[in-house]
Amino acid sequence: MGCGTSVATETQEKRAERDETVKSPNPALTMKAAVLIQRWYRRYMARLEMRRRYTWNIFQSIEYAGEQDQLQLSSFFSFMLDNFTHLNGHGPDLISQLLDPVVDPWLDRETCFNTITVPESYTGPHLSFPLSVSDTNALLNSFKEQQTLHAKYILELLYETKKLLKQMPNIIHLSTSYTNEITICGDLHGRLDDLLLIFYKNGLPSAETPYVFNGDFVDRGKKSVEVVILLFAYLLLYPDYMHLNRGNHEDHIMNLRYGFTKEVMQKYRIHGREILQLFQDVFSLLPIATVIDGKILIVHGGISDQTDLDFLGSIDRHKVKSALRFPRRSLGQLDISQCSRQMKRMRSTDSSRPSSGCSHGKSQKTPIQRKRRCGLSRQDSAHSTTSSSSSSSSSSLCSPRTPSCLTPRQCPSSPNSPYTISVLQVPFLDSLSSVGPPSTPQHEREWKQIVDILWSDPKIQEGCSPNTFRGGGCYFGPDVTQRLLLQHGLQLLIRSHECKQEGYELCHGGQVITIFSASNYYEEGSNRGAYIKVGRELVPRFYQYQVSRTTRKLTLTQRVRAAEGSALRALKEKLFSHRSELMSGFQQYDQNNKGSVSVSEWALVLEAVLRLDLPWRTLRPHLARLTPDGSVEYQSCFKNMGPGNPLPQVTPNLAETLFRYRTDIEIIFNIIDKDHSGLISIEEFRHTWRLFTAHLGVDIDDRAIDDLARSIDFNKDGSIDFTEFLEAFRVVHKLDNKDQHANGR
């Protein structure tokens, strides 16, 4: 018994010692483990942040590239309209209806809506004017329930809004002495859920809750009509407490590319054209700036070193129907000889070898650099530290691309311009015409001032330089901001125009605030929305939010992965649409036809061709494979991508042109398709291609176009469904099709 007791006691003592060891770990080991965990977590978060940043850069670069393409297309249209006025008696009508729309006088009279009857089957809201709170509440509830407002009420609401806006000045002056706080919202871009959430969190517009919405109400989102109708309704209900600034997307030419025109025509097939005409007029009447207590300036884009608020307050803003409608240019103002030399260089691109220097942030351009984009990269602009002259820093919209086949008969030099043209032989559609230089541009200063207000962006560096990355307006530095604020006794500039990940951003020592109110702008979970509240002390307070039904359930890693995947898809499509240029650049380095180039050469070619200013080396694992010796297998850039429904009649070169400029083609088609039926005649199809090839400066054989037109007239009725035609030139990700097929099983 005694021995047994002794053994039991020893066992208990050993267990106690072990427990004591577990309870009291070695301090050195504990610290080492903590350091390892912390180091791993920091590396993990750094990699995640890197992915988040390059995802953001991809989205933004592609967005700005699209805006620049739109500006160049509009510039070309302006050039054609200004210089070719009597071709076949009908030539410019294809674009004059877009650039210089003549509003039907019928739309300026109440008969434009009184003659429209509302059927008894209509279940949406019925509005009576002047509007009451019950009317705006009915609108809110109907839009929440996915109902559409009848065309009669849309026209009447726009008619009343137009009458009200005509009485308003260019710059609205507000005071906080009559209210506790003023709420300032940024871009909404057709996101109805964001607008409803703002109203839910902050309150509906009223005398107690005044609002300033800082432009870009429409485009990109699917509910642009509902958003802008709600804003106009509250403007009519509370004209002293609801204020709307014009943005660069309150522009009928921008609306053609970014969705608002298409949305209106889909929702209002009968009266859509009249509704669009009234929208054009109303957009041009929106005020261009708001000032709070004489201290806070609110504009959509920004300013330039030429911005003059006194002058802006005196111009007739209604004349600038579109900031993309360039002032009338004469052919003598265009450097035709230089353009001709550039076009020759474009044609000899494939035989040139790119230089080995990196193109980031340098003025030297490689021979394979894409010429279609005007200007330099974002870095090029950002590193400019000198203040430009009025002509360069103010409203730097891309110059129109003169058709490559322009043939000047006489080019005498003059003191005012390097090239003056007396007579020019110009092909337009199916004829040749001789035109002389038009008259001197008018209202150019007014146009420049408005372009700078709507399109400019701030930069960190001093000075003012053309915004060549976006394609319009300028980059303005902190010295430009400070000079304008001091000149007008202001202390703060609030602007929108740029998506920010947190919904807002401060720069220029806190003197410039960017506010953006469309959450999930690029992708679900990509960014927050925000709004600002300013009281009598004029200290801005920020409120953030994010409309999402699924993001809250995702981890941070899952949100980044989803946004990254969407951005990489868009970037791969960009690569596919420039396949021939990229292959030409790669092959210039691949002298031995090994199918591979070094990583640095691969990155150089991508930047020279695409001009997106992206971290290509970082993105390489997502875009291309490496060979065993560490070089890039450049053919793998285009793997797992192909055309949607390829047409056998289309040659590979023509197909790639269609892939790349699909949006531009669709815009030209929509201009010609006056009734928006989606059908155009074979003759109109031919005219479209002649206009399009003149825009690009590319040679496409007329016989090939005629053969293509006849082959895609499937039912042989003389009409072409160009929606179906363009669907054949959409990039398809083959892996997605495989996944869908597997899921279907």
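Val-133, Thr-136, Leu-139, Leu-140 and Phe-143 of α5 touch Glu-226, Ile-229, Leu-230, Ala-233, Tyr-234 and Leu-237 of α8 in this predicted model. Contact means heavy atoms within 4.5 Å. Helices (H or I, at least four residues) and strands (E, at least two) are DSSP runs, numbered from the N terminus. By class, the α5 contact with α8 has 9 nonpolar, 1 polar and 1 charged residues. Here Ala, Val, Leu, Ile, Met, Phe, Trp, Tyr, Cys and Pro count as nonpolar, Asp, Glu, Lys and Arg as charged, and the others, Gly among them, as polar.

The axes of α5 (residues 133–144) and α8 (residues 224–237) come within 10 Å and cross at roughly 170°. That makes α5 roughly antiparallel to α8. Axes are lines fitted to C-alpha atoms, for helices over the stretch in contact; angles run from 0 to 180 degrees between N-to-C directions. Angles over 145 degrees count as roughly antiparallel.

Residues are numbered from 1 along each chain as its sequence is written. Local features need pLDDT of at least 70, side-chain atom pairs count only at pLDDT 80 or more, totals for chains, interfaces and linings use all residues, and side-chain values use heavy atoms, with hydrogens and water left out.

The largest nonpolar core has 74 residues; Leu-149, Phe-213, Ile-229 and Phe-232 touch the most other members. Such a core is a set of buried Ala, Val, Leu, Ile, Met, Phe, Trp, Tyr and Cys residues joined through side-chain atoms within 4.5 Å. Buried means under 20% relative accessible area, with a 1.4 Å probe and protein chains only. Helix α8 gives the largest share of this core, 11 residues. Another core, of 37 residues, lies apart from it and includes Leu-571, Leu-575, Trp-602 and Leu-610.

Ile-198 sits in helix α7 (residues 192–202). Its relative accessibility is 0%, so Ile-198 counts as buried. The C-alpha atoms of Ile-198 and Tyr-545 are 8.6 Å apart, across 347 residues of chain.

The table leaves aside neighbours within four places in sequence.

| Residue | Contacts |
|---|---|
| Phe-232 | Leu-157, Leu-158, Thr-161, Leu-244, Phe-279, Val-282, Phe-283, Leu-286 |
| Ile-198 | Cys-185, Leu-188, Gly-203, Tyr-211, Ser-517, Tyr-531, Tyr-545 |

Across the chain, the secondary structure comes to 27 helices and 24 strands. Buried residues make up 54% of the 745 residues.

The chain averages a pLDDT of 77, and 67% of the residues score at least 70. pLDDT is the predictor's confidence in each residue, from 0 to 100. Over residues 84–92 the pLDDT is below 50. It is also below 50 over residues 330–394.

Notes. Parallel < 35°, antiparallel > 145°, perpendicular 65-115°, else oblique. Buried < 20%, exposed > 50% of the residue type's maximum accessible area, 1.4 Å probe, protein only.
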